[in-house]
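Please keep the sequence and the 3D view open while reading.

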Amino acid sequence: MKITVLTLFPSMFDGFKTNSIIKRAIGKGVVEFEAIDIRAYTKDKYGRTDTPPIGGGAGLVQKAQPIVDAIHAVKSENSHVVLMSPRGHTFDQKTAERFAKLDHLILVCGHYEGVDERVNDYCDELISIGDYILTGGEIPSMAIADSVIRLLDGAISKDSLNSESFDNDLLEYPQYTEPREFEGSKVPDILYSGNHTAIEKWRRKQSLSLTRQYRPDLFAKVPLSKADKKLLDELESEETPKWELDAIEKGKKFMK
């Protein structure tokens, strides 16, 4: 896969490309990433890419010509052009998964007071990362590229992608590390039981609980099975269910 970012500030992506998972993915050939300077395509005799808005108003607006010419320069038959825009639908995990199947993703970064309206005609899709204001589309582009790259085969281990937050509209279950007790807070005994079926059941229950508590909007989308409803009933009772107690007890015997 190839990801191209069209931006006025390509140097912002230097650190992004040279750290952690992204660096390894690029080095392994999993993804090709480039940040292209929109300024290189301006035909303005002074080299400008922005201008005051027609009709008056505050700030500067990016001109259509440099952006459109940049799109034409990098676009191919299999490219999908996305403009960072507050009009766009909110980026989510399902969109990341869709983008990860593309051959070439082009992310267009707006800046200043926005872009000439006519740029929209050259984009396949508008995307927003949330209802707040940023100085430009560079940070949203990094967020999108990061979430897409990690889904590509070979970027990270497949085990790391299993049971992540937002899979099936659920938040991820709690994760713990050693030591078993830290400042009075203990790792749940079930995780030491060695009973993987019981552990997965416990984790499912925790995912349901956390999603219901912190993201009721997501929880409302979850198609609850009979088993899920039973797990939720167990949460309401606030008592440790027999299957969990049995798994913990057998785990203790096994450890001995």
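## A helix packed against strands

The buried residues of helix α3 pack against the strands β1, β2, β4 (61-62), β5 and β6. The helix covers residues 64-74, and its buried residues are A64, P66, I67, V68, A70, I71 and V74. It should be kept in mind throughout that this is a predicted model.

In soluble globular proteins, nonpolar side chains tend to be buried together. In this model the largest nonpolar core has 28 residues, and those that touch the most other members are I3, F99, L107 and I144. At least two residues of this core come from each of β1 (2-7), α2 (20-27), β2 (32-37), β5 (79-90), α4 (93-99), β6 (104-108) and α5 (138-149). Helix α5 gives the most, with five residues. Apart from this core lies another one, of 15 residues, which includes A64, I106, V119 and C123.

What does F99 touch, if residues up to four places away in sequence are not counted? Its contacts are M1, H80, V82, F91, L105, E125, I127, I144 and V148.

## Aromatic rings

A pair of aromatic rings is described by the distance of the centres and the angle of the planes. Four aromatic pairs are found in a search of the whole structure. One of them joins F13 and F16, an edge-to-face pair with 6.5 Å from centre to centre and 90° between the planes. Both F13 and F16 are buried.

The rings of F16 and F33 also pair, with centres 5.3 Å apart and planes at 50°, so this pair counts as tilted. It links distant parts of the chain, since F16 lies in helix α1 (residues 14-17) and F33 in strand β2, 17 residues apart. F33 is buried because its relative accessible area is 10%, which is under the 20% cut-off. Through ring pairs, F13, F16 and F33 are linked into a cluster.

## Salt bridges

Side chains of opposite charge can pair when their charged atoms come close. The whole structure contains 16 salt bridges. In one of them E125 pairs with R98, and the closest N and O atoms are 2.7 Å apart. Because E125 lies in strand β7 (residues 125-128) and R98 in helix α4, the pair ties together parts that are 27 residues apart in sequence.

D228 is buried, with a relative accessible area of 5%, while R204 is partly exposed at 29%. Salt bridges that share partners also join K2, E32 and E34 into one network. In a further salt bridge, the side chains of R180 and D189 meet at 3.2 Å, N to O; R180 is partly exposed, with a relative accessible area of 39%, and D189 is partly exposed with 38%.

## Surface and loops

On the surface, M12, Y132, L134 and I139 form a nonpolar patch, and together they have about 380 Å² of accessible area. Of these residues, I139 is found in helix α5.

Is K221 buried or exposed? K221 is exposed, because its relative accessible area is 54% and the cut-off is over 50%. K221 sits in the loop between α8 (216-219) and α9 (226-237). Although K221 and L170 are 51 residues apart in sequence, their C-alpha atoms are 9.2 Å apart in space.

The peptide bond from E178 to P179 is cis, with omega near 10°, and P179 is in the loop between α6 (158-161) and β8 (181-182). E183 is not a glycine, yet it has a positive phi of about 50°; E183 lies in the loop between β8 and β9 (185-186) and counts as exposed at 75% relative accessibility. E238, also not a glycine, has a positive phi of about 60°; E238 is in the loop between α9 and α10 (242-255) and counts as exposed at 73% relative accessibility.

Methods. Residues are numbered from 1 along each chain as its sequence is written. This is a predicted model: local features need pLDDT of at least 70, side-chain atom pairs count only at pLDDT 80 or more; totals for chains, interfaces and linings use all residues. Side-chain values use heavy atoms; hydrogens and water are left out. Helices (H or I, at least four residues) and strands (E, at least two) are DSSP runs, numbered from the N terminus. Buried means under 20% relative accessible area, exposed over 50%, partly exposed in between (1.4 Å probe, protein chains only). A nonpolar core is a set of buried Ala, Val, Leu, Ile, Met, Phe, Trp, Tyr and Cys residues joined through side-chain atoms within 4.5 Å. Contact means heavy atoms within 4.5 Å. Patches are made of residues with over 30% relative accessible area and no salt bridge: like charges are joined within 9 Å, nonpolar side chains (Val, Leu, Ile, Met, Phe, Trp, Tyr) within 5 Å. Accessible areas come from the Shrake-Rupley method with a 1.4 Å probe; for residues, only the protein chains shown count as cover. A salt bridge is a side-chain nitrogen of Lys or Arg within 4 Å of a carboxyl oxygen of Asp or Glu. Rings of Phe, Tyr and Trp (its six-membered ring) pair if their centres lie within 6.5 Å; planes under 30 degrees apart count as stacked, over 60 as edge-to-face and the rest as tilted.
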